[in-house]
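Here is a short briefing to read alongside the model. Have the sequence and the structure open, and follow the topics in turn.

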Amino acid sequence: MPGDILDNQGRGEASWQWPSIHREGRKFGAIAGVVALAAWILLGPWFGWPLAVLTLCVLAFFRDPVRVTPQSDRAIIAPADGLVTLIGKVAPPRELTVDDGTGSAPLSAEPVTRISIFMSVFDVHINRAPIGGTVQRVIYIPGKFVNADLDKASEENERQHILIERGDGLRICFTQIAGLVARRIVPFIKPGDIIAPGQRIGLIRFGSRVDVYLPAGTEPKVLMGQKIVAGETVLAELASAPLIEGVAQ
């Protein structure tokens with residue numbers, strides 16, 4: 001009915017619900033559950049209970065809650081849950097500042113503001129798109145597995161760069177970085193895909209980090225030490241609204 005509060009699934013009432021388990025985690029939950037059941041039957045509850053708790057922890061790690069994304073052309077949305085651990089000026093990833101065969105580089109080599117988000121094992125690990133647009137690049141780079149909370153992880157660890165370009169020409173690069181425990185970056189998208197702001201784009205298993213490289217003319221809206229929510233927290237904001245077909249938005 002007109003005037004009803006709608007959630008982002010189009011229903012007439014907005015209410016809390018149990019988070020679903022992402023399909024990437026169901027097989028891990030099933031394996032842990034079978035092991036827990038076998039231990040309970042063969043070795044007794046003293047062995048079964050801890051494994052049953054571990055099964056719940058595995059399922060919780062892969063939880064995929066519903067998120068409501070702010071609808072604003074000026075907003076750059078947080079791509080990951082976690083703690084803001086670094087904010088500073090650095091050069092964009094060198095893989096995106098060299099000629100990629102098209103005669104030009106996707107990004108300028110000039111320093112930009114980078115915001116680093118550290119995800120602990122207790123955070124939701126589904127990553128989301130900071131803006132809507134076309135996926136221009138998905139670049140996977142093998143590397144080490146040092147503590148993702150360290151600044152050098154951006155250059156040394158296994159990582160994956162994702163570049164999204166909006167219809168008005170705005171480009172955002174962010175990087176999924178593996179850590180000490182995280183050993184697998186799982187993408188849900190590929191170059192050429194058209195995605196919406198806040199759409200699920202991948203996950204990193206068992207704790208890691210995401211770096212976001214802000215374009216010129218954006219102002220961070222988060223602080224060091226702040227806890228943020230993927231798909232909902234406004235990470236940064238354009239200094240002015242973009243121009244679309246010559247009309248200020």
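In this predicted model, eight strands form an open sheet with antiparallel pairing, in the order 11-7-8-9-13-5-4-15.

- Strands of a sheet pair through backbone hydrogen bonds, and the pairing can be parallel or antiparallel.
- Strand 5 and strand 13 (residues 208-213) are an antiparallel pair, joined over six bridges.
- To find your way along this pair, you can look for I115, whose bridge partner in strand 13 is V212.

**A helix pair**

- Helix 1 (residues 23-43) packs with helix 2 (residues 45-61) at an angle of about 170°, and their axes are 7 Å apart.
- Because angles over 145 degrees count as roughly antiparallel, helix 1 is roughly antiparallel to helix 2.
- On the side of helix 1, the contact is made by F28, G29, A32, G33, V35, A36, A39, W40 and L43.
- Helix 2 contributes P45, F47, G48, W49, L51, A52, T55, V58 and L59 to this contact.
- By class, the residues of the contact are 14 nonpolar and four polar, with no charged ones.

**Salt bridges**

- The whole structure holds eleven salt bridges, and the ones below are worth a look.
- R74 and E237 meet through their side chains in a salt bridge, at 3.7 Å from N to O.
- R74 lies in the loop between strand 2 (63-64) and strand 3 (75-77), and E237 in strand 16 (residues 234-238), so this pair ties together parts that are 163 residues apart in sequence.
- R74 is partly exposed, with a relative accessible area of 31%, and E237 also counts as partly exposed, at 25%.
- D123 forms a salt bridge with K227, and their closest N and O atoms are 2.8 Å apart.
- Since D123 sits in the loop between strand 5 (112-119) and strand 6 (126-128), and K227 in strand 15 (residues 227-228), the pair ties together parts that are 104 residues apart in sequence.
- D123 counts as buried, at 8% relative accessibility.
- E165 and R171 also meet in a salt bridge between their side chains, at 3.1 Å from N to O, and R171 is partly exposed at 28% relative accessible area.
- D64, R128 and R200 are linked in a network of salt bridges.

Methods: Residues are numbered from 1 along each chain as its sequence is written. This is a predicted model: local features need pLDDT of at least 70, side-chain atom pairs count only at pLDDT 80 or more; totals for chains, interfaces and linings use all residues. Side-chain values use heavy atoms; hydrogens and water are left out. Axes are lines fitted to C-alpha atoms, for helices over the stretch in contact, and angles run from 0 to 180 degrees between N-to-C directions. Helices (H or I, at least four residues) and strands (E, at least two) are DSSP runs, numbered from the N terminus. Angles under 35 degrees count as roughly parallel, over 145 as roughly antiparallel, 65 to 115 as roughly perpendicular and the rest as oblique. Contact means heavy atoms within 4.5 Å. Ala, Val, Leu, Ile, Met, Phe, Trp, Tyr, Cys and Pro count as nonpolar, Asp, Glu, Lys and Arg as charged, and the others, Gly among them, as polar. A salt bridge is a side-chain nitrogen of Lys or Arg within 4 Å of a carboxyl oxygen of Asp or Glu. Buried means under 20% relative accessible area, exposed over 50%, partly exposed in between (1.4 Å probe, protein chains only). Two strands pair if DSSP finds at least two bridges between them.
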